[in-house]
Protein chains: 2
Amino acid sequence: MQEIWATWGVDLHVEVGGFRVRAGLESALREAVAGGRLPAGLRLPSSRNLARDLGIARNTVVEVYDQLVSEGWLVARRGSGTTVAQCSSQQDLVRATPAPPTRQHAYDLRPGTPDLSGFPRAQWLAAARMAVSAASPDAFGYGDPRGRSELRRALAGYLARARGVRTDPDRIVVCSGFTQAFSLLCHVLCARAPTKAPTLAMEGYGLPHLTRTAADTGLRVQALDVDSHGATLDDLGDADAVLLTPAHQFPLGMPLHPLRRARFLEWAAAGDALIIEDDYDGEFRYDRQPVGALQARAPDRVAYVGTASKSLAPGLRLGWLVPPARTLGRVLDAMGPAERNADTLAQLTLAEFIASGRYDRHIRRARTHYRRRRDSLIELVRRQTPDISVTGIAAGLHALLQLPPGRSEAAVVARAAKIGLAVAGLNEYRLAEAPRHQPALVIGYGTPPEHSVTNAFARLVQALSTDPAPGPRGRPERSTTREARSTINP
Amino acid sequence: MQEIWATWGVDLHVEVGGFRVRAGLESALREAVAGGRLPAGLRLPSSRNLARDLGIARNTVVEVYDQLVSEGWLVARRGSGTTVAQCSSQQDLVRATPAPPTRQHAYDLRPGTPDLSGFPRAQWLAAARMAVSAASPDAFGYGDPRGRSELRRALAGYLARARGVRTDPDRIVVCSGFTQAFSLLCHVLCARAPTKAPTLAMEGYGLPHLTRTAADTGLRVQALDVDSHGATLDDLGDADAVLLTPAHQFPLGMPLHPLRRARFLEWAAAGDALIIEDDYDGEFRYDRQPVGALQARAPDRVAYVGTASKSLAPGLRLGWLVPPARTLGRVLDAMGPAERNADTLAQLTLAEFIASGRYDRHIRRARTHYRRRRDSLIELVRRQTPDISVTGIAAGLHALLQLPPGRSEAAVVARAAKIGLAVAGLNEYRLAEAPRHQPALVIGYGTPPEHSVTNAFARLVQALSTDPAPGPRGRPERSTTREARSTINP
């Protein structure tokens, strides 16, 4: 009988008498069916016959057949014995899948990520040990849709102290980062105006993927020019909301001018509009203390969003949204009954991290660390490529390197790539309709690990130098009439 | 001068000479403006005068004014000095917010949550220490949209071994739980049929909030009757996809019959439809080994979704989606460039937890633990309320207690609530159009912490007993003609 099986390419491999008999028979049969070696419709020997052939207990075979029937590999019909089921062909189990995104660059100066090698592992683990050991059992459950109260309490204190944010713990919604908070707010805006698509104004330079999030939700997006004072109000029209980066415009780097702050607030009050404040790197200001959050001026108009992605690590997936009080219910509505995105253990750990003072110490250390990098970048560019001006440097983890007229962003980016350095051109952050600014690079000096900063900067200088031909597309970027008006004044 | 300030209700509280002079002055002024005590338009004394009055350095006052101007509290105009800005009224900072959801019940036997007191804290922390200490720095970054490769590798092995799932690590997408996976698949279905709303068939009893997720995405929902063999195919029509709980129907508790499994697979192959397999508690089967995943039969038709919410804890926000190979790209598309929902440190910890064998040991322990509870529930109900039959008990963390004809679900639920016990009636899980089944309770025997199981069960028996009047709504549930047909056969 074993021989007959063998003609089907099936080796039952049964270790007779061993405790693995059943498991061995079962997986051999399952594999044989799944692999297509036992064709659909084939009638299997009766349990009695197979047991005798293999010299094992009949009950073992019965159990194996039952199991495979319940999984659908075999079919048992009264009177016709056990047959192989009609299976979907296993050929379709294609192993070929899209290649994972790989970093082909030895050095990376693209913005958006802090120095990941600086993550305070030991401190974080110590906080996790404290927090998880002391947690009440309900911390492991679904819990409050706003997130853990321990974290909301810690954040309310921290945000008031460090960013001037006016809130109480009950009004904070912990989320998995800026994108979730933004997406929730987009849903709130849409729910507020069910008949027509509401308009969200966005800074003409920003994170382009956010326009997709907004559009997917059903919002119309209006780009605002950004000048040396930050976002302008000219194209606001009757927008229902505006997304701003008041502390440090991303990617251009200037703070929103005080008069503009006031005008946006007046506009929001007049039209009952919402301001979304993306305070992504508000903790990092070098030359003086941070500019307070816009939310502090009008907690009833501004939805404040902060994140641990720049101050600690994006991998934590932790952010916080402080909506106006009257919007909170709608945010939770938009979240729905089942959306809970932030790991509660990470929430408790961050609460402990803040409450114990570890967060402040980490921020202070990181600030010193990044300021040093920023200073060497400025110094290096000033010395080596004096025709390039560095702006947006008062805060954050990135700076803008403005290329002189005639230099092409794309060419510099390509040149850098050739020598193993990833950099981002300013144009990558331009929203579709927004007028072009002068060519520039957005340099995330916070990105590389400490040991490679010097080399990364050296390659940047090399890529910026004009010695050899600047590449195939060396002609100046296309200029528009609006460009002059919206160019950043250095 | 101090006196003049005092008439505005402002106490500057400046500790002269201390290093807190600046911070003190700044926050006193900020508070005074924010609190509305300094009215908009009020002209402040010149920095020179204020410094002299307070006996502090003029530069300190200049810095404070600058800071508050940059935050927008004050306005500085050449020639007109420094004035208080027009602020949005702070009265709107309403502290009243919706009360957090509270548990008013001493005991909870609602399904959906495992015993949270059984979370293996020490083991988890040990795995976290190993994983976080050994992690490469990029683990703290945004990373691969599919999640950490360490976890995907561990899951591919585990799922093949424990659930028969056929995949490789490249095809797994780590997500924040079933709901995110489901929402992504809904988006994929909608993107596939941009002109008309695709139809998703769902079991007539399930988690009603999922119908909202589906509808919000733009899907039409079709309810399927569920009989004693699981979901029926009668109302499938030309649906584009079906959501099933093949291992243990939620909430009715039966496994999907082998013939039905085969028929659903045939249907999917014939119509190029997608089967979404919600394997929420596949690890827990008591009387024999688990029924393998349906996905194993047709990896090209079935999107398998598993979760750590039942096996470990919902708070971890960890789940996994194994889509058909050709659907993977569309899932990542639906995810968008910025959606990453699972904490990478938790991902690495779970990878270590699985790879080190801790997960298997935990599951084995938990299985023994829950089986014991199940057995005492069955025994207790059989002994104390013999007119009630317990079904759906072969697997999972919940059972169905079918009430005898004439008993009202709502009345039993209300009676239980009165004695401090939260239970769920079967009808809570009925989709809008689905025919009613016989009245029943869905008892999550996994939910209570170990020390309170006995009391929770005792109260359940008390609520089920017919001794006093069964409450104000004691009449039988409304019966429909379809009811008879779809009633579960015990």
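Predicted model: local features only at pLDDT ≥ 70, side-chain atom pairs only at ≥ 80, totals over all residues.
Start with the interface. On the chain B side, 95 residues are in contact with chain A, and 95 residues of chain A meet them. The two chains bury about 7500 Å² between them. Carbon and sulfur atoms give 55% of that area. Three residues of chain B stand out: B:Arg121, B:Phe140 and B:Arg297. Together they supply 10% of the area that chain B buries against chain A, more than any other three residues.

Now look at the polar side of this interface. How many salt bridges does the rule find between chain B and chain A? It finds zero. Polar contacts are another matter. Between chain B and chain A, 14 residue pairs are in polar contact, counting pairs with both residues at pLDDT 80 or more.

Which element of chain B gives the largest share of the side that touches chain A? Helix α5 of chain B, residues 121-134, does, with eight residues. By class, chain B brings 42 nonpolar, 25 polar and 28 charged residues to the side that touches chain A.

Next, turn to strand β9 of chain B, residues 241-244. In a regular strand, side chains alternate between the two faces of the sheet. Strand β9 of chain B shows two such sets. B:Ala241 and B:Leu243 point one way, while B:Val242 and B:Leu244 point the other way. All four are buried.

Strand β9 of chain B has partners to trace. Strand β5 of chain B, residues 199-203, runs parallel to β9(B), and three bridges join them. Find B:Ala201 there: its bridge partner in β9(B) is B:Val242. Strand β10 of chain B, residues 274-278, also pairs with β9(B) in the parallel sense, over four bridges. Here B:Ala241 stands opposite B:Leu274 of β10(B).

Finally, move to chain A and find A:Arg152. This arginine lies in helix α6 of chain A, residues 149-163. Is A:Arg152 buried or exposed? A:Arg152 counts as buried because its relative accessible area is 4%, and the cut-off for buried is under 20%. Its side chain reaches the backbone oxygen of A:Gly147 at 3.1 Å. Now set aside the neighbours within four places in sequence. A:Arg152 is then in contact with A:Asp144, A:Arg146, A:Gly147, A:Pro169, A:Asp170, A:Ile172 and A:Val174.

Terms used. Residues numbered from 1 in each chain as written. Chains lettered and ligands numbered in written order. Heavy atoms only, no water. Contact = heavy atoms within 4.5 Å. Buried area = accessible area lost by both parts, 1.4 Å probe. Salt bridge = Lys/Arg side-chain N within 4 Å of Asp/Glu carboxyl O. Polar contact = N/O pair within 3.5 Å; in protein donor to acceptor, adjacent residues only side chain to side chain. Nonpolar A, V, L, I, M, F, W, Y, C, P; charged D, E, K, R; others polar. Buried < 20%, exposed > 50% of the residue type's maximum accessible area, 1.4 Å probe, protein only. Pairing = 2+ DSSP bridges.
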